[in-house]
Amino acid sequence: VQLQASGGGRVQAGGSLRLSCTASGRTFSRYVMAWFRQAPGNEREFVAAITWSGGRTYYADSVKGRFTSSRDNAKNTVYLQMNSLKPEDTAVYCCAEALSFGTAQSLYGYWGQGTQVTVSS
């Protein structure tokens with residue numbers, strides 16, 4: 001199982017980025033996909049989750065209304081569209097998969113490597 005995240009970079013506050021996470025080695029459509037992030041000195045935190053079909057999403061309060069998660073099961077890829085970025089969104093973002101829908105990290109058995117997002121003021 002491999003989860004490959006990409007799309008990170010450096011943007012100014014108010015800008016946008018789109019992260020992608022492509023999975024291989026599993027039947028992608030069977031898994032809930034989520035995004036987590038970890039800023040320096042902070043614990044890893046939940047950002048967003050999307051159900052198997054993409055019909056339901058859930059977001060952390062800190063990103064609600066600014067971030068949108070979607071998925072394309074034909075491409076084995078989940079996306080995180082990040083708009084109106086703030087300096088406090090600066091972190092390493094990683095994707096993870098689970099069989100159950102939720103925000104707890106313990107639900108997620110497989111994790112991808114992270115992609116760095118840096119938002120300057």
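Modeller: In the protein chain, take the contacts (heavy atoms within 4.5 Å) between residues at least 6 apart in sequence: 56% of them join residues at least 24 apart. The model is predicted, so local features need pLDDT of at least 70 and side-chain atom pairs need pLDDT 80 or more, while totals for chains, interfaces and linings use all residues. Numbering runs from 1 along each chain as its sequence is written, and side-chain values use heavy atoms, without hydrogens and water.

Colleague: Why does the radius of gyration agree with a compact globule?

Modeller: The radius is taken over C-alpha atoms, and the globule rule is 2.2 Å times the number of residues to the power 0.38. For 121 residues that rule gives a value near 14 Å; the protein chain has 13 Å, so the two agree. Along the principal axes, the C-alpha atoms fill a box of roughly 40 × 25 × 25 Å.

Colleague: Why is Ser-20 called buried?

Modeller: Buried means under 20% relative accessible area, exposed means over 50%, and partly exposed lies in between, with a 1.4 Å probe and protein chains only. Ser-20 has 16%, so it counts as buried. Of the 121 residues in the protein chain, 43% are buried.

Colleague: Where does Ser-20 sit, and what is its bridge partner in β8?

Modeller: Ser-20 belongs to strand β3, residues 17-24. Its bridge partner in β8 is Tyr-79. Beyond four places in sequence, Ser-20 also has contacts that include Gln-4, Trp-35 and Thr-77.

Colleague: What makes β3 and β8 a pair?

Modeller: Two strands pair if DSSP finds at least two bridges between them. β3 and β8 have six, in the antiparallel sense, so they pair. They belong to an open sheet of four strands, ordered β1-β3-β8-β7 with antiparallel pairing. β1 (2-6) and β7 are its edges: each has a single partner strand, so one side of each lacks a neighbour in the sheet.

Colleague: What makes Cys-21 and Cys-95 a disulfide?

Modeller: The cut-off is a pair of cysteine sulfur atoms within 2.5 Å. The sulfurs of Cys-21 and Cys-95 are 2.0 Å apart, so this pair is a disulfide. The whole structure has one disulfide. The pair links distant parts of the chain, from β3 to β9, 74 residues apart.

Colleague: Why is the disulfide of Cys-21 and Cys-95 called right-handed?

Modeller: Its torsion about the S-S bond is about 60°, so it is right-handed. Cys-21 is buried at 0%. Cys-95 is buried at 0%.

Colleague: Why is Asn-76 called partly exposed?

Modeller: Its relative accessibility is 23%, so it falls in the middle class. Asn-76 lies in the loop between β7 (67-72) and β8 (77-82). Its phi is positive, about 55°, although it is not a glycine.

Colleague: What makes Ser-84 partly exposed?

Modeller: Its relative accessible area is 40%, which puts it in the middle class. Ser-84 lies in the loop between β8 and β9 (91-98). Ser-84 is not a glycine either, yet its phi is positive at about 50°.

Conventions
Helices (H or I, at least four residues) and strands (E, at least two) are DSSP runs, numbered from the N terminus.
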